[in-house]
Structures are given as structure tokens and as C-alpha cells.
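Here are a few friendly notes for when you open the model.

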There are 2 protein chains.
Amino acid sequence: MSKDYTGMWEGLGLNLENHSGLLSVLSDAYKGIYLSQKKRPKAMEYFDFVISEVHGLRIEEILDAKAKGRKVVGTFCVFVPEEIVLAAGGVYIGLCAGAEVGSDEAEKFIPRNTCALIKAFMGFKLSGLCPYVESADLIVGETTCDGKKKAYEIFNEITKKVYVMEVPHMKNEEDKKLWLSEVKRFKEKMEDLSGKKITVDALKEAGGIVNAKRKALKRLSSLRSADPAPVSGLDALLVNQISFYDDPLRFTEMTNRLCDELEERVKQGAGVAQKGAPRVLISGSPMAIPNWKLHTIVEGSGAVVVGEESCIGERNHRELLDEGFLTVDEALQKIASRYLSIDCACFTPNNERMDNINSLVKDLKAGGVIHYSLQFCTPYMMEAYKAEKAVGNVPFLRIETDYSMEDMGQLKTRVEAFLEMMG
Amino acid sequence: MSKDYTGMWEGLGLNLENHSGLLSVLSDAYKGIYLSQKKRPKAMEYFDFVISEVHGLRIEEILDAKAKGRKVVGTFCVFVPEEIVLAAGGVYIGLCAGAEVGSDEAEKFIPRNTCALIKAFMGFKLSGLCPYVESADLIVGETTCDGKKKAYEIFNEITKKVYVMEVPHMKNEEDKKLWLSEVKRFKEKMEDLSGKKITVDALKEAGGIVNAKRKALKRLSSLRSADPAPVSGLDALLVNQISFYDDPLRFTEMTNRLCDELEERVKQGAGVAQKGAPRVLISGSPMAIPNWKLHTIVEGSGAVVVGEESCIGERNHRELLDEGFLTVDEALQKIASRYLSIDCACFTPNNERMDNINSLVKDLKAGGVIHYSLQFCTPYMMEAYKAEKAVGNVPFLRIETDYSMEDMGQLKTRVEAFLEMMG
């Protein structure tokens, strides 16, 4: 941390003692996992700094924005249209959900057999450890899985600021209408919250900002197709994770700066692993900060993770918004259509995802796929069956795990055997 | 069995050896649980007979109907409009899903952490043990939970006859439109399947048949409000379970005959338990045949189950169809509206259910509520929290279990402690 934020955290109602413990664990983990990596790009220094200030400077910025009348909107899902939040002058942020925190408290409200991500967002709030949730004026949930859908009802009792968008189960004509109406309803909600009318110009500007961020992430993604890979999967995952927290303009600039450096590496044939090192695509459930567990295991075993077919990854940036709109209504239609193209396992059927996995395997020259599901994440656990069939002869390993470290040894053994099999 | 059905089962492709084993286990369980009950109504003999012939005579009837050109439609959920199936001349049946069968086979397709009901419907099919699924021309699924939604995709690969109706997550105007369009799409599907145009007269007749069945079940439900209870929870549960399998006209007649007898008992102050015995409402996940586990424990501990706030129970018969329609379109609107009124935990929010639980506690004079969730049934597991708050001071016990008998001892201990606490 660059300075003492105790007063700010106290003002947000955090549990100072536990929070200090959390930051210390996070800092140690980050040193052990991230800073110990070899041949890191110089441009990762910025992201190291962001992590070191993720509960500090970034929160200060957010509180400054709030003081200037901007509204802070927290989310847990890539279905919440960032363009609308920005067009209403809002700040769009992901909420804490990536660490085993406050499980005992959470289990007073939700079942033990709940996925780690949901248990974590309840746990973070109940333990007073997430400055983002405390800063948020509105928390926007969605209906992408049974667990979140029902947990948001309880989360709203606790926080009194949850708003839910209905993501349909299919992508038929009536679903498109329903989703468009949800996008319009959200636009109205943001207008109410901010007291500002959302204009087509504001949507144009927001669309440009968010698309630029997506393009930078897409650029990073495609650079990982080089062999040797110019950046570790851990670092690329981190950049994707930070895309949910950082100021979008600055983030885009810094990600493009990283990509410039990686392009140089690719030209020179330089990379983080040996040329020919096993290349793995990780596919499935999202990995929120600081969930670096599987990447740590895979890359600690001599392979390189070349892509994340995940909400923290491809699902967040694959599709750009069509910026060719002239009215607010047209913009909302294009926004609705862009978000409904997401290949989330909440849809039935979800064949697009199968095609996308295969394209990624090919484009990123992955030699194997590790399908990662959070335990009790039914949509991805179930869809693993179809994903395995879809990839055909490409080696495929299914993993179900949570945030605990208890199965690290067992997972390492399975991953090593898999990498050996990949050959 | 009244005769040898081996040829019929062979024709359906059942695994004869395993099937014979299953029937023998079922028959023993039924004797132990049902036939050993004291003071059973005479009219339960019919339902005993139905169970003894559930894979025999009833399947023969269904195959006879098929031979006459009627289409057989199998379902797992109360959201599939029975009126439309009947109006197309179809036979509407529930599919096997209530016993721990074929789990190893099922786990090749779906995750271990899947609710027992889903694992069972996969297991029954994969082990060749369900004559209903083999007789069905169409299996109609729905999107009421992540587990079923995604499992139906795989089930369709296996059976090639799954059709899915989209049940929305909310009950707003756009949801009503979507659901109405789903009801219309299903009507067209049934017309295609049967080769028959569905007329308003056929819908009138079907509406009358299904409403008469619902009224008989409602009559049974309200008779259970008497103290002493005139019928055991086990028997009432069985009648509700059989309502998904039996010929509706015959079922209605036989259920009304049972109710006549129970009315007589109520007049005479006679019942199955002592007046003043602890009265329990069971609320939550559905209990498919032969899932009699919790009722067996509760009634074996000296209490009486007076109601099932469940899909096999109140959720299936609470609302009648408004028969006041003059056109097919009006009928479909009223059907859509009737089914969308169901208080399933798949909806967010689902406040109606809280009101309904409280009404049932009051009407049935229940002294306590046991909230029953199948393990991994996220919607009901999560909603238990709200249900517990909703009932206020009424004693409330949460149970999560599956179909295995391993936790019988532990559940019995918990239930006994709960009944004692109810006082």
C-alpha cells in the first residue's frame, strides 16, 4: 500500500482486524505465486501495483467518484451491460468473490453445498471484508444460475441494494424480447439512480470505452497463440481479473502497453516457457481474484496456460458492441444483442460454446483442455460432458474444486499425469 | 402382478433381470411401509392395486392406447400443461425418478453432485428399468432448475425424444408473454406429434378432466385438516404420487371414493392417529414414487403428516384452470396463466410460496414444518432460509437428504427431537 487507508476502511464499516489479516495473506500469496515468476513482462508492474492497491488506492478513487455524484454499480457477472452504467456516469466494478472467506457466516444463510463463489460473496459481505460491496450504490445480480438467483434474494435482505436482471434460458425470439426489455428496464433503473437521462452520445462514448477495453483483451488473448507463449497464463488471468476492477481507460492503455511488449517478444521468439512446452486451455467456471489455484498448479508443472474459456476471459471480451447506432433505442437493441450472444452454460442448448472451445483450441494451439468447474456449479459441471465430446481427440481433463487448498496435492498429481498424457 | 408381463417388458427393451429385482424390492418396501399401517381406509385398496400393477397393467393400458394411435407424453414436472396433452388425445404420465437406481451409469453422464431425482431419471433409463420412459413418444422437460435444464440436453442424446419448455425466472409482463408463447409452441408440438388439430371443445373436455382430478386432490388435502387426521400422510402422499401415473378419470373417481370414506371418518371423529398427535407439514422438493423416506420416519415416530407443500402435493393441484374460455386462444391464455401461478422455487422472488406455506400451516393445523430438500436441489435448499423466516414462531426443521437409506438413523434422531420440541 502506498499509504495508510485505515480511516477509509473504517468509514466503510470493514472489520479492520480481519481485513488486515486478509490483505497480509493476499500479499504473501501474490509474492509466492506472481512475483516469483521468471521472465515476466516489464509491463506487468502496473498490474502488480493495482493488486497491491486493490483495496486501497482504487477504493479511494471510487469514493472520490462517489463524492462527485457518480454512482457505483457492483456486479458478479458479465451479463450486466457496462455501457449502460458508464453512460449514466456510473462506475462499474466486480465484487469480492474469489477467496474462502466468512464461510461459517455465509452458511447461516445459504446451504453448505453452495459453490465457492456464491459462498464467498456472502462471506465477504458478512465478515466486513469487501470495500467494493460497501462502496456500491447498487448491486446488480442476474438469473444465470439457481445458486446466484436465489442467493441474491437473501443478499438483498442483507445489503438492501440488490437489483436483478433476468437472463433467459434460451435465445429464441421471445427470449430476445424479454432480454431487450430487461436491458431497457436496467437503463431506466440507472437513470433513476443517477438522476441523469442516458443519451445516445453518452452511449456512444461508453460503447467506445468498453469496446476499446475488449479489444485490448482480445489483443492479449491472440498474442498468447505464439509459441513460446510471451506471457504466463497467471499473468494473463490477472489482467482479465483486473479488467473488472480498474478504471477502464487506464486499464486499456496499460493492457495495450503490455501487448506492445509481448508483440516485441513474439517477434524475437522470446517467451515465458520453452518453445514446445505443453499448452493448456482452461475452460469453464469463472476465477475471481485471488483464485489463481489451477493456473498455479498447471504452470508449476511446466505447462503454460494459453487461454481462459471463461467469464474471466473470453466470455467477457469475445464479442464487441456494434457501435453503429443512431438512437438510444437502437443502442439498447445492439447492447441487448451483444450480451445475449454470450455463450454461458445457463443457456439450453449452448452449442456456441462448443464451437468457441474448438476455435480457441485451434487458434491458441492448445494441446489439451482442462475443464474447470467450481464444485456445485451445476451449469458448467453438467456441460463438461458436452465439452468433452465436442473437442474430440484433444486431451481433456475434468476438474471440480473449490477455493480451499486441501486438494492441491491431489490436483497437482492429476494435472501432472494429464500433461504427461498430452505428451 | 395379476399376470406375467415378461413379454411386454422385453418388447420395451427393459433389462429383465434387474427389473425383476427392482419390482421385488419395491414390493417388499411397500409391504413394510404401507400394508403394515394401522386403520387404513378401505378405499386405499385401489391404490395398493395400482402400485402392484404400476409396471404391469398400467403399462399395458398405455401400450393399448398407443396401439390406438394415442401419443404418450412423459414429464418430470408440474409445469407441463396436461390439458394440452389430453386435448391432443395424448396420455400424460410421470416418468420414473424416485429411487436410487443406476447411479453408476448416470454418473458417466452427469456429475456425482447432482440431485437424486435427476440422477434417478438418468439411472432408470440407462439401466433399462423404466417402462414409462420406453413407452413415451415424447419426453417434455422444462427449465425449472439448472440440473434438469442441462441434464435434458444429455437425456435427449440418449433418448432422442426430449422437448423442453422454457419456464421463465420471474412473473413480469414479458415473462407472461414468453410463457404464453411456450404454451402455444407446445400446443403446436402436440398437434404435430398427434396429427390432430386441438379444438376448443377438446380443450374444454381436457380442462374438465384435469380440474376434476385437482378438485379430488384438493378435497383430500382439506380432509387432512381434521384432528384426528383421517388418513396417514403416507397414504395421502401415495395418492398424490399416483395422480401422475393413473388414468385421470378413474383416478378422480377412486380418490373421491376415498374422500367419501374419510368424510365419514371425520364425522365419527375417527382417524389414523390419536387426536392431538403431532401434526407436521412437509414442504420443499418433490417426492416421486417410491420416495416415502421422510413420511416413513415422521409417521414412524408417532406424528402424522398432514400436508405436502410440494410438487407432489399442493403445487400440483392448488390452482384450478379457469374453464370460462370460448376460443383456443383464450384457452391457451388461461392455461398459461394457471401454470405460471405455480409457486416453484425457480422463481425470483417467490413470495407466493411463503404465503401458501403459512396458509397451509393454519388450514391444516400443523404444529411444525419440516422443510425437505433433495441434496443439491439448490432452489429449495436456498429457499428454506426464507421459508423458515416466513413461518415465524412455528417450529421448523430443515432436512437435506437423498434416496439412500444411509442417513435413516440420523434423520430419525433429528425428527424425534423435533417432534419433542413441537410438544
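1. Arg224(A) and Glu308(A) form a salt bridge, with 2.7 Å between the closest N and O atoms (a side-chain nitrogen of Lys or Arg within 4 Å of a carboxyl oxygen of Asp or Glu). The pair joins distant parts of chain A, 84 residues apart: Arg224(A) sits in the loop between helices H11 (200-223) and H12 (233-242), Glu308(A) in strand S6 (304-309). Both Arg224(A) and Glu308(A) are buried (under 20% relative accessible area; exposed is over 50%, partly exposed in between; 1.4 Å probe, protein chains only). Helices (H or I, at least four residues) and strands (E, at least two) are DSSP runs, numbered from the N terminus.

2. This is a predicted model: local features need pLDDT of at least 70, side-chain atom pairs pLDDT 80 or more, while totals for chains, interfaces and linings use all residues. Residues are numbered from 1 along each chain as its sequence is written, chains are lettered from A in the order written, and side-chain values use heavy atoms, without hydrogens or water.

3. Do look at Lys293(A) and Asp402(A) too, a salt bridge with closest N and O atoms 3.9 Å apart. Lys293(A) counts as buried because its relative accessibility is 6%, whereas Asp402(A), at 25%, counts as partly exposed.

4. In chain B, Asp235(B) and Arg40(B) meet in a salt bridge of 2.8 Å, N to O. Asp235(B) belongs to helix H12 (233-242) and Arg40(B) to the loop between helices H2 (16-35) and H3 (44-52), 195 residues apart. Asp235(B) and Arg40(B) are both buried.

5. Finally, helix H16(B): its buried residues include Val328(B), Leu332(B) and Ile335(B).
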